[in-house]
Amino acid sequence: MIIIDAHSHLWLQQYAEVGGGRVRQLPNGRADFFGEERQMLPPFMIDGRNSAEVFLSNMDYAQVQAAVVTQEFIDGNQNDYLEDVQRRYPDRFLCCGMCHYLRPGFLHEAERLIERGFRAIAIPAHRLPLGDDDRESSQHTPCASRVRLNEGEMMDMFRLMERKGIILSITLAPGDLQVAEMEDVIARCPDLKIAIGHFGMVTCPGWQEQIKLARHKNVMIESGGITWLFNSEFYPFEGAIDAIREAADLVGMEKLMWGSDYPRTITAITYRMSYDFVLKTDRLTEAEKRAFLGENARRFYGFGELPELPYIKNMSE
């Protein structure tokens, strides 16, 4: 079975300023996360480095052939490191660039990222200023100046990406707050390929409206962070299976892709567990599992030859 992770993160140093707060890495996998100490990484990653090599070891062990590496404001800008990762491991990673969307001139940043070889660009739109309509539950400072996805320089960037065949990896604010803006973007850039993350923030009211965006031909949904969102019920995440079934009824299983949100999610579970619950459920057919876990992502992102990864028996077996 082909298994491709459509939502992951990498960094060598985590250092970020977001909405007036900050994120700083601490020893033993922890971080100062907006003034609160959090376990950002598994505790054995003691130096705070979330490297491609450690991820590849996890991928090989879990038999995950390839991964999409997206970006988030809370990790800081990782363009330089991800450019290097993409160069060294082109058959295993598709890395997203990210711009400084809160200051004018990011269109030129996007142009440079494309020139540097990035085939996708990430927007953590749930952390953009949302003005008086702000619904973000944490780590966001509302401001009067809302950044809209369908206006000005954003639209110029999307038109550029459409012309160049660059994929948009985007996470939206919970619910339907940014859905109308995305509908407008899709209507004006119908050939722009879009992957919407976090399964539409599935545990928040109105998540189905984000899923319905995938009724458009070039829009896909990926499940990065779904085990985090259903963490309160824990493995085998029956609520997540419910959500996958409901989303498939809304847009078709061919529009859905698995994502782990590595490495934050593996502070609670192993990397393999982030998709193993899908493999073991009897509520999805074999064909649906194959599509969701890898075949849809391979087609959408254009992955080519993938490595064969044999199962390695554990010492505990």
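Where pLDDT is low, the predicted coordinates should not be read in detail. Overall, the mean pLDDT of the protein is 94, with 96% of its residues at 70 or more.

Some bookkeeping: this is a predicted model, in which local features need pLDDT of at least 70 and side-chain atom pairs count only at pLDDT 80 or more, while totals for chains, interfaces and linings use all residues. Residues are numbered from 1 along each chain as its sequence is written, and side-chain values use heavy atoms, with hydrogens and water left out.

Now the helices. Helices (H or I, at least four residues) and strands (E, at least two) are DSSP runs, numbered from the N terminus. Buried means under 20% relative accessible area, exposed over 50%, and partly exposed in between (1.4 Å probe, protein chains only).

Which residues of H5 are buried? In this helix, residues 179–188, they are Val179, Glu181, Met182, Val185 and Ile186. Looking down the axis of H5, the buried residues fall within an arc of 155° (taken from the directions from the helix axis to the C-beta atoms), so they line one face of the helix. Ala180 and Ala187, on the other side of H5, are exposed. The cover over the buried residues of H5 includes helices H4 (152–164) and H6 (207–211), plus strands S9 (167–171), S10 (194–196) and S11 (219–222).

H4 also packs with H3, at an angle of about 20° and with the axes 9 Å apart. Axes here are lines fitted to C-alpha atoms, for helices over the stretch in contact, and angles run from 0 to 180 degrees between N-to-C directions. H3 and H4 are therefore roughly parallel; angles under 35 degrees count as that, over 145 as roughly antiparallel, 65 to 115 as roughly perpendicular and the rest as oblique. Residues in this contact include Phe106 and Leu107 of H3, and Glu153 and Met154 of H4.

H9 (residues 273–280) has Ser274, Tyr275, Asp276, Phe277 and Val278 buried, and aspartate 276 has a relative accessible area of 9%. Those buried residues pack against H1 (52–62), H7 (226–229), H8 (238–251) and H10 (286–301). The axes of H9 and H10 come within 9 Å and cross at roughly 160°, which makes H9 roughly antiparallel to H10. Tyr275, Val278, Leu279 and Lys280 of H9 make the contact with Lys289, Phe292 and Leu293 of H10.

Out in the loop between strand S7 (93–97) and H3 (106–115) sits leucine 102, exposed at 57% relative accessibility. Leaving aside neighbours within four places in sequence, leucine 102 touches Leu128, Pro129 and Val147.

Finally, the backbone. Most residues other than glycine have a negative phi, and most peptide bonds are trans. Here are some exceptions.

| Site | Backbone value |
|---|---|
| Tyrosine 235 to proline 236 | cis, omega near 10° |
| Tyrosine 262 to proline 263 | cis, omega about 5° |
| Asparagine 28 | positive phi of about 65° |
| Glutamine 63 | positive phi near 60° |

Proline 236 lies in the loop between H7 and H8, and proline 263 in the loop between strand S12 (256–257) and H9. Is asparagine 28 buried, partly exposed or exposed? At 38% relative accessibility, asparagine 28 is partly exposed, whereas glutamine 63 counts as buried at 19%.

Methods. Contact = heavy atoms within 4.5 Å. pLDDT = per-residue confidence, 0-100.
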